[in-house]
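The sequence and structure come next.

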Amino acid sequence: MTPTTSFDRRAFLRTSAVAGGALLIPAALASPASAAAVPQFAHGVASGDPLPDGVLLWTRVTPTPEATPGSGAGPEVEVHWDMATDSAFANIVQSGAATTGPARDHTVKVEAGGLASATVYYYRFTLDGIASATGRTRTAPAVDAAVSKLRLGQVSCSNWQAGYFSAYRHLAARADLDGVLHVGDYLYEYQVGGFGAGGVTVRPHEPAHEMLSLADYRRRHAQYKTDPDLQALHAAQPWFITWDDHEYANDTWSGGAQNHQPNEGDWNARKAAARQAYFEWMPVRQGPDGQIYRRFRWGRLAELSLLDLRSYRSLQTTPSSGDPNDPARTITGDPQMAWLKSGLSGTDATWKLVGNSVMITPISVGNVEARFLEALGSLLGLPLGGVAANSDAWDGYTADRQELLGHLKDNRVKNTVFLTGDIHSSWGADVPIDRSSYWWNGNSVATEFVTTSVTSDNIDDILKIPARTGSVVAETALYAGNWHLKYIELDSHGYSVVDVNPRRVQMDWYYIGDRLSPTSGARHAKSLATPVGTQKVRPAGSPVA
């Protein structure tokens, strides 16, 4: 007979409070991710999707030792929350309660409404009188407000196994941000040893196998949210987030993924599991039809459209299959394309920002040396064989790109800036309707700034060469074949800061010294700006203060 243990939840919580929130639990009840001590709010707090009158709040509770992520165990509990205008909670302006349990993996998402616009708030959750960490968030300005600034940290491609999240720590330390924009690959699906740091696993994934089931995705989300730097950044700022492919599996498309094999079960079941865990564990709103693409406004200064470029796209092309110019191919799907075009041409906001998970700027790689072409291929989604298209990005879906960029041109839409991630490298570019015509007329209809990876491998890691040596050869070749590219850096990891004012949008790139060090410093590397009305990228003298 299996032995049973009686358990008093309130005694468990009181004991943890005495221990400063650390819970000593029997090894038999602890998952590998929980180690030996699990506080009630082990996964931190977060906020996201700020509106002028509200914001989404998130946490996850561990009410009993067996209620580990993905276990499907543990009781339903009522979690209380408070919002205040001060961190001491002397002036509480909103309070409420939410019930959670194993059906939603003990996560909590609260729509805090009735708030004042353009205001900083503090929030916390409590369970049986024991409080979570305090989070800091803010609401957006009123829709018609004259706003002088929007400043966002921008990040992408944060692979647990490839290193430490120092980029998050440096952003969390900045008091000047209005929020954080994460444009995809918040977590990775691979097994232990899959897609590490130049072939080295710095921190092994939990679970150890590739995530396939709902429990797997829940446990992986939980592991990432134990990172102290990630927790700090979530607690410091509201986030604007969209997904890319690794939230599901590498090179996801509407009907499958490169990293989903027949022996790994039904794709639709895996996709449903990934989506459910994502919406449980992330501070994002889900649309009425399950969509994640959505739009936010920052007064009359800016409007941010967050795209979903995985759920509706056609299968990626290869050298032997598919034509990237086929008008039937789509990366957005028709409803999202219509929504995006109408939003860009219909807004009165000065700046049209697009949270774009994969690069829209056209790239030719035909003159890049073979060894760098292969490495670039692993980042850009290029099929081996050297076709001049980034087939996993908009280069593989040229009809959709032509439709969108043509819409900007035909409707004289100015000041569109694509804010992108995915390719583990840094880019700044004018976005022409046609790459070849740019050589003689220099016309562009938008600009694009691409942030590098937080930790995921880039060129020097893949080729195992010293940083800023051989990659410079590839960068030189890319500049020569693509005059619209204004900045390329293929080696460094880090984060960016996007600063928006009525005169220009500026991107500052910051690179960390060593992703293998949990205490790595960071340095400013480059600043570029797009002056209002120009659709051009220009050098910027210094980073924003």
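What follows concerns a predicted model, and the points are grouped by topic. The structure holds 2 cavities of 30 Å³ or more. Beyond these, the briefing takes up a cis peptide bond from glutamate 206 to proline 207 and positive phi values at aspartate 185 and lysine 464.

**Largest cavity**

- The volume of the largest cavity is about 50 Å³.
- Its lining consists of Leu150, Leu152, Phe240, Phe296, Arg297, Trp298, Ala302, Glu303 and Leu304.
- Three strands each contribute at least two residues to this lining: β9 (150-155), β14 (294-298) and β15 (302-306).
- Sorted by class, the lining of the largest cavity has 7 nonpolar and 2 charged residues, with no polar ones.

**Second largest cavity**

- The second largest cavity contains about 40 Å³ of space.
- Tyr248, Thr252, Trp253, Ser254, Trp267, Lys271, Arg310 and Ser311 form its lining.
- The strand β12 (252-253) and the helix α5 (267-281) each supply at least two residues of this lining.
- The class count for the second largest cavity is 3 nonpolar, 3 polar and 2 charged residues.

**Loop between β10 and α3**

- The peptide bond that joins glutamate 206 to proline 207 is cis, and its omega is near 0 degrees.
- Proline 207 sits in the loop that runs between β10 (179-182) and α3 (214-224).
- Aspartate 185 also lies in the loop between β10 and α3.
- Phi of aspartate 185 is near 60 degrees, which is a positive value in a residue other than glycine.
- Aspartate 185 counts as buried because its relative accessible area is 1%, against a cut-off of under 20%.

**Loop between α10 and α11**

- Lysine 464 is located in the loop between α10 (459-463) and α11 (471-481).
- Its phi is near 55 degrees, again a positive value in a residue other than glycine.
- Lysine 464 has a relative accessibility of 60%, and the cut-off for exposed is over 50%, so this residue counts as exposed.

Note on methods:
Residues are numbered from 1 along each chain as its sequence is written. This is a predicted model: local features need pLDDT of at least 70, side-chain atom pairs count only at pLDDT 80 or more; totals for chains, interfaces and linings use all residues. Side-chain values use heavy atoms; hydrogens and water are left out. On a 1 Å grid over the protein atoms alone, a cavity is a set of points where a 1.4 Å probe fits but cannot get out, and a pocket is an open set with protein on both sides within 12 Å along at least five of seven lines; lining residues have an atom within 4 Å of a point. Grid points are joined across faces, edges and corners, and a volume is the space filled by probe spheres set on the points. Helices (H or I, at least four residues) and strands (E, at least two) are DSSP runs, numbered from the N terminus. Ala, Val, Leu, Ile, Met, Phe, Trp, Tyr, Cys and Pro count as nonpolar, Asp, Glu, Lys and Arg as charged, and the others, Gly among them, as polar. Buried means under 20% relative accessible area, exposed over 50%, partly exposed in between (1.4 Å probe, protein chains only).
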